[in-house]
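Have the model open as you read.

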Amino acid sequence: MGRRSGHTKWRQFIYDYESVVANLTSTKAADLFAVYDKRGSVENNIKETKLGFYLDKINSHVYLANTFCMLFSALAYNIVQVFKQSVLPPAKRDFQSTTLRL
């Protein structure tokens, strides 16, 4: 299954191709792409957790300390997500934590 979108950029006609290989014969292509597109947002959430909440800076040699730092970062991330969904206007709900911090 595949889809393609064309757009004009710098007076050239450019195509972006996207393909998904699956053996799901009963699933429509549009539904499969909708599910697959959500995967990219999960990767962005992981990147935001690492960069915005310093999850990549755990540098203790003690396992329990590393576990506490990871859980504390995860708790902070979840609190910010609840804040974004419940307090911020819809236009600003997609902002990352570094943007909100500014």
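I started with burial, where buried means under 20% relative accessible area, exposed over 50% and partly exposed in between (1.4 Å probe, protein chains only). I was working from a predicted model, in which local features need pLDDT of at least 70 and side-chain atom pairs count only at pLDDT 80 or more, while totals for chains, interfaces and linings use all residues. Residues are numbered from 1 along each chain as its sequence is written, and side-chain values use heavy atoms, with hydrogens and water left out.

**Entry: overall build.** I looked up the secondary structure and found 3 helices and 2 strands, in the order β-β-α-α-α along the sequence. Both kinds of element are DSSP runs numbered from the N terminus (helices: H or I, at least four residues; strands: E, at least two). Of the 102 residues in the protein, 13% are buried. I noted an accessible surface of about 8600 Å², with 60% of it belonging to carbon and sulfur atoms; the areas come from the Shrake-Rupley method with a 1.4 Å probe, and for residues only the protein chains shown count as cover.

**Entry: aromatic pairs.** Rings of Phe, Tyr and Trp (its six-membered ring) pair if their centres lie within 6.5 Å; planes under 30 degrees apart count as stacked, over 60 as edge-to-face and the rest as tilted. How many aromatic pairs does this rule give? I got 2. Phe-53 and Tyr-77 make an edge-to-face pair, because their planes stand at 90 degrees, with ring centres 5.8 Å apart. Phe-53 sits in the loop between helix H1 (29-52) and helix H2 (63-86) and Tyr-77 in helix H2, so this pair ties together parts 24 residues apart in sequence. Phe-53 is buried at 12% relative accessible area, and Tyr-77 is buried at 12% too.

Phe-68 and Phe-72 count as stacked because their planes are at 20 degrees, with ring centres 6.0 Å apart. Both lie in helix H2, 4 residues apart, about one turn of the helix.

**Entry: a lysine in helix H2.** I then checked Lys-84, which lies in helix H2. Lys-84 counts as buried, with 3% relative accessibility. Its contacts (heavy atoms within 4.5 Å), leaving aside neighbours within four places in sequence, are Glu-48, Arg-93, Phe-95, Gln-96 and Leu-100.

**Entry: contact range.** Among contacts between residues at least 6 apart in sequence, I noted that 33% join residues at least 24 apart.
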